[in-house]
Amino acid sequence: MDLKKIFIKDACPTKVGGQAVMEGIMMKGADRTAVVIRCPGGRMHIRIKPLKARGRWARIPLVRGVLVFVGALVEGTKTLMYSAEVLENYMEEDQEAEEDKVYEWLVKRFGEKGAMNAMLYSSVVIAILFTVLVFILAPTWLVDLCRFFTENAIALNLIEGVVRILMFVLYVWAISRMKEIQTVFQFHGAEHQCIHCFENGLELTPDNCKSFETLHPRCGTSFLMFVLVISLLLFSLLGWPNLFWRITSRLLLLPVIAGVSFELLQWAGRSDSWVVKILSMPGLLLQKLTTRRPDEKQLEVAIAAMKAVLDKEGPQDFEGSTDTEGNLKSLKEEKAEQEAAEAAGEPADAGEHGARPVQEAPSIPAVLAAAHTSTARRD
């Protein structure tokens, strides 16, 4: 790992952040977000939306870290569901979409919007419960068995912290073997390379992006590693009370740990001091698992998303398609072209007339991947 290619001396950190999604990337600029998805057939679908103004709480140090983490889970899951919907929309007509009985029941009971919200927030809640159960409750319960060997509170807390980190690393390694997640991690690498390229003032081309590392100091993976390391140190100061109070103290301190971790992440994103490099090493090593070298097509997706959020003259609310030059074509224009092609007897691309989209709640690995494949914007 060459740290000089990660903490680049002449780079200019920006407010651009991003996140990998299914077959695509979401980039977040100063005033808008852009999601670009590579659809079957090679076309790039794009959606641009304006960013909501940040509230007063989102500007307060420590507090903003908690809001960013929760927001990354909610917005990440929402974007994952949107990317799945787009991919379903562009399925070939002869592909049959599998009916989702749960989704059909939710639509009948709550309507389309209510069903979407139910699946979105249930996915987030399940992911949070899974995280708390596996990475907070399980380690402290398991380490309680070590009391047969030592009663030293500091030693027990340190063992708990090490067990928690090992469980998290093993979990990330396990999901990185899944084909779906491997593709997400390739887009994660493309996102980082594209941001590096922009922050170093180079023209946004696949060849220029390839010259950079897939690791980035502001990555959400590093944020989660900061959380794990800080919790190890902080919990070591709390003694070793009974199981109930240990679990309660860990849950109550989570917002504090998230807040401190976010501030460290922000510092890491704008400094190349040796202290920052040492603190960032665990997260950068973990990024070796959560990023992959992308291919040229994936880099084109990242570049298209980046160009959309940087174009101050471009639309802030748009949905359609784009190309490698950033040229936009609305859904209405696409539909007119399809109708013209059909009238001329030419085969039309599968699009709005393709298989009906079937909403599926993203898997727990996909939701958690949304959190740790995001790159935080610099405040």
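## About the model

The structure is a predicted model, in which local features need pLDDT of at least 70, side-chain atom pairs count only at pLDDT 80 or more, and totals for chains, interfaces and linings use all residues. Residues are numbered from 1 along each chain as its sequence is written, and side-chain values use heavy atoms, with hydrogens and water left out.

## The chain as a whole

The chain has 11 helices and seven strands; helices (H or I, at least four residues) and strands (E, at least two) are DSSP runs, numbered from the N terminus. Of the 379 residues, 47% are buried, meaning under 20% relative accessible area with a 1.4 Å probe, protein chains only.

Among contacts (heavy atoms within 4.5 Å) with a separation of 6 or more, 75% are between residues 24 or more positions apart. The accessible surface, from the Shrake-Rupley method with a 1.4 Å probe, comes to about 18,700 Å², and carbon and sulfur atoms hold 61% of that surface.

## Helices α3 and α8

Two packed helices are described by the angle between their axes and the distance between the axes. For α3 (residues 153-175) and α8 (residues 274-290), the angle is about 25° and the axes lie 9 Å apart. Here axes are lines fitted to C-alpha atoms over the stretch in contact, and angles run from 0 to 180 degrees between N-to-C directions. The two helices are therefore roughly parallel, the word used for angles under 35 degrees.

On the α3 side, Phe168, Val169, Val172 and Trp173 take part, and they meet Leu286, Leu289 and Thr290 of α8. By class, this contact has six nonpolar residues, one polar and no charged; Ala, Val, Leu, Ile, Met, Phe, Trp, Tyr, Cys and Pro count as nonpolar, Asp, Glu, Lys and Arg as charged, and the others, Gly among them, as polar.

Strand β1 (residues 17-21) has five of its five residues buried, so it is largely enclosed by the rest of the structure. In a regular strand the side chains alternate between the two faces of the sheet. In β1, Gly17, Gln19 and Val21 point one way, while Gly18 and Ala20 point the other way.

β1 runs antiparallel to β2 (residues 24-28), joined by five bridges; strands pair if DSSP finds at least two bridges between them. Gln19 is partnered with Met26, and Gly17 with Lys28. Two residues separate the strands of this hairpin, and Glu23 in the turn has a positive phi of about 60°.

β2 is mostly covered, with four of its five residues buried. A hairpin of three residues leads from β2 to β3. β3 (residues 32-38) is antiparallel to β2, again with five bridges, and Met27 has Ala34 as its bridge partner.

Definitions and conventions: Buried means under 20% relative accessible area, exposed over 50%, partly exposed in between (1.4 Å probe, protein chains only). Angles under 35 degrees count as roughly parallel, over 145 as roughly antiparallel, 65 to 115 as roughly perpendicular and the rest as oblique.
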